Amino acid sequence: MHKCLYSIIFFLISYSTAVSQMISILNYTDRSPVDLVSVYTDNKSFSAISDEFGKVTLKGLSQSTKINFQHPSFYNETFTLKEIQDKGNKILLVEKIVMIDEVVLSADKSAENKSEISNQLDIIYQSEIAFKNPQTSADMLSESGHVFIQKSQMGGGSPIIRGFEANKVLLVIDGVRMNNAIYRGGHLQNVITIDNNIIERTEVILGPGSLIYGSDALGGVMHFYTKSPLLSKDGKAVIKANAMSRYASANNEKTVHLDFSIASKKIGLLSSITFSDFDNLRAGENRNPFHDDWGLSKIYPTTENGIDSFTINDNPNVQTPTAYHQYDILEKLLYKVNEDLEMSLNFQFSNSSDIPRYDRISEIDDAMNTIGIKPVYARWDYGPQKRILASYSLTARSKGKLFDNLNLVTAFQNINEERITRRYRESDETRRKENVKVANFNLDLKKKIEKNVIYYGMEYTFNDVQSSAERENLEDGSLSVASTRYPDEGSNTHSIALYVKNKTAVSDRIFISAGMRINNSILKAKFGDIPIDAVDFSEINISNLSATGALDVIYNAAKNWRLNLLLSTGFRAPNVDDVGKIFDPAPGIVVVPNDDLKSEYVYSAEIGVQKRFTDKLELSATTFVMLVTDLIKRSEFAVNGMDSIVYDGVESQIFANTNTDEAIITGFSADLKADLHPIVSLSSSINYTYGQDISNEEPLAHIPPIYGKTELALHKGGFKGIFSINYQGWKMLERYSPNNDDKLDQATEEGSPAWFMLNSKASYQFNKIVGLQFGVENILDKHYRPFASGISAAGRNYIVAIRVKV
């Protein structure tokens, strides 16, 4: 009888431990779910992958069974089932800084192991974005350590990669290129229309990316991936939400964000909204004694009862005016047809208030008044910058002859920009408005054939540009026609491309890739009212056929050495901003179109080396050299044999953009990543770039001085803290480009001074729902201005944020 009772009890205990049991896998620091964790027993009798909620169902395991948890971004863990039950069915994984087998999405527009990618590439994860609390996506990019950010106003941020900027680097969001026909060659602020609070990850490709991405990818590609809607594996409806509220003292930033997901087994919906309000930006008070007046905002223009005046700034460290606000909306719908087919809809909307162009509104007239100064402009604003994106994407997997993976993206974008200017104590206010409509189609396929992986696809892009302008007399309200920034009867561009790339695994250690791309670009522009009587630019037609390619070799040597060689070319087809303007940038100079403009090219060679010491220390370095040919640059020009004409009543020398110059750019970068202890990590990066216009033997524009960052991090339990230093070296006067593209007028008499900035940030996750964050940027309250910027950076900045996840 006793034996029978013991047998029944043993059976019930064994049965109770062998039934299905759901566990949660969470990040040790912020308690966020960790997906794609490999969960398996030693004998592989059980294996599973955690879902997007960090959930795994354990089946048929006894309490003594050892279960392994493995993820390339986290330290491996092993527990018995009983130990897991004692932990409340929750597994906490500690994140690593030295990551093995990291997955890259952007390099070939397909999920690839980073060890098989030759490009130097940075990945900024959502967890890092949330912890560091950047105010804009431009600020977020600077955290990569390899992207330098220039700013002309607080509502801006122009990324520089390897000495290329603006329309020579490519912005992509969710597979859709953002660069359009009016991206200019100076400095751009369009990246701030991306809401970094809904970004899942950002991948930065350094060096030419034209093989896969086409025009504009000379210096690199920044690919932003927004969060994806969730799906429920068990068919039950699931609702998840994230909320954030943040305050920052340097500009009285007030940001609120909310996103929520509704998931069923086949349909997922994601909604997001963010609102940010920024007051005028306070610069650092501790100034370089040799440049103690540099960057002070001593006066700012005001208008009362229709009369312009100026106000003496009570606190000249507060840069006035710089305030603006912005809101961003995202909606995504995901439909999973089956295991091999998914479709999604993506809608994004960004809108801002007027954004003061601080580098212009802070200009002081040389003419003297009673106190010796007065503003040049009473108003210089970028009007509301609106960006609408609507896209449809399809992802398919197949074992057919044509492809294993297929990605199709078709999109429509509508962009509105505006410039509002009025000179001090003048009654005429000019408004120039641009509307750009963009249609995109991308088809990217991948097929594995034995040891070869073939990537191929096509791209079509259409841009329609409409430009208008009017001048309003503020005294009597009368309106008159003003010259438009771009052709007043419209302009458009077409681009179609085909590409193919083959990657061969010569062995387990050696990978060789080669590919090419053919791109045809057509530009048409029409002028109705030409402000020059002597010449006829009524219509411009330009066609450019561009070919580009790449060859790379990767050698994953023994003892954790990795070597790679990459030879690549990139191109940028001329756009409407290059050829569609007639204007006078200065008295006595007029710029006219040039319908013979060709594509710019870059020929690049880079060598990279990486050494991993066990799985806790990694050193890497990359050196590169690039030859830029057919560089588009403003030069002296002749029309119908004339080198000067009368423009707006003034005898003016003719200039136009031409392909006259060649340039050389070379440099290096080095990185260190170290897990000093399971709770302590160290990372550091440094970048150096040198650029020279070899046609004119002049320094090349957009070349930042040496810069970098070092960061020490501590994470234990729900606490995470970092201490970091960001720095820039001197940019001496003699290394500035002579054409003022680098805003020499905003620098000192010697150039752009060196600076460093100390920062500290911390967060504490009370539970899986609530987390509190605190930070101090620019601890020493130093005054500094990043190279080529027209506004000084923030002074000591206290940041407080609360995050809630349910």
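Visitor: In the hairpin of S12 and S13, which residue takes a positive phi?
Guide: This model is predicted, and in it the strands S12 and S13 pair in the antiparallel sense over two bridges, with Ile 160 of S12 facing Glu 165 as its bridge partner in S13. Two residues lie between the strands of this hairpin, and the one that takes a positive phi, near 50°, is Arg 162.

Visitor: Which residues of strand S12 point the other way from Ser 158 and Ile 160?
Guide: In a regular strand the side chains alternate between the two faces of the sheet. Strand S12 covers residues 158-161, and every one of them is buried, whichever way it points. Ser 158 is also the bridge partner of Gln 150, within the antiparallel pairing of S11 (residues 148-150) and S12 over three bridges. Ser 158 and Ile 160 point one way, and those that point the other way are Pro 159 and Ile 161.

Visitor: In what order do the three strands of the open sheet lie?
Guide: The edge strands, each of which pairs on one side only, are S4 (55-58) and S7 (90-93). Strand S1 (residues 21-27) runs parallel to S7 and is joined to it by four bridges, with Asn 27 having Leu 93 as its bridge partner in S7. The pairing in this open sheet is mixed, and the order of the strands is S4-S1-S7.

Visitor: With which residue do the side chains of Asp 661 meet in a salt bridge?
Guide: Asp 661 sits in strand S43 (residues 650-677) and is linked to a residue of strand S41 (residues 617-636) that is 28 residues apart from it. The N to O distance of the pair is 3.3 Å, and the partner is Lys 633.

Visitor: How many bridges pair S47 and strand S50?
Guide: Strand S47 (residues 719-728) also pairs with strand S46 (residues 707-716), in the antiparallel sense over ten bridges, and Glu 711 stands opposite Ser 724 there. S46 and S47 form a hairpin with two residues between them, and Gly 717 in the turn has a positive phi of about 60°. With S50 (residues 755-765), Gly 721 stands opposite Ala 762, and the number of bridges in this antiparallel pairing is ten.

Visitor: What accessible area do the residues of the nonpolar patch have together?
Guide: Strands S19 (253-263), S20 (267-278) and S25 (324-338) are the elements that give two or more residues to this patch. One of its members is Ile 267, which lies in strand S20 and is partly exposed with a relative accessible area of 43%. Together with residues including Leu 258, Phe 260 and Tyr 335, Ile 267 forms a surface patch whose accessible area is about 830 Å².

Visitor: How far apart in space are Met 343 and Val 409, C-alpha to C-alpha?
Guide: Met 343 has its place in strand S26 (residues 341-352) and counts as partly exposed at 23% relative accessibility. Beyond residues up to four places away in sequence, Met 343 touches residues that include Leu 333, Tyr 335 and Tyr 392. Val 409 is 66 residues from Met 343 in sequence, and the C-alpha distance in space is 9.9 Å.

How values were computed
Residues are numbered from 1 along each chain as its sequence is written. This is a predicted model: local features need pLDDT of at least 70, side-chain atom pairs count only at pLDDT 80 or more; totals for chains, interfaces and linings use all residues. Side-chain values use heavy atoms; hydrogens and water are left out. Two strands pair if DSSP finds at least two bridges between them. Patches are made of residues with over 30% relative accessible area and no salt bridge: like charges are joined within 9 Å, nonpolar side chains (Val, Leu, Ile, Met, Phe, Trp, Tyr) within 5 Å. Accessible areas come from the Shrake-Rupley method with a 1.4 Å probe; for residues, only the protein chains shown count as cover. A salt bridge is a side-chain nitrogen of Lys or Arg within 4 Å of a carboxyl oxygen of Asp or Glu. Buried means under 20% relative accessible area, exposed over 50%, partly exposed in between (1.4 Å probe, protein chains only). Contact means heavy atoms within 4.5 Å.
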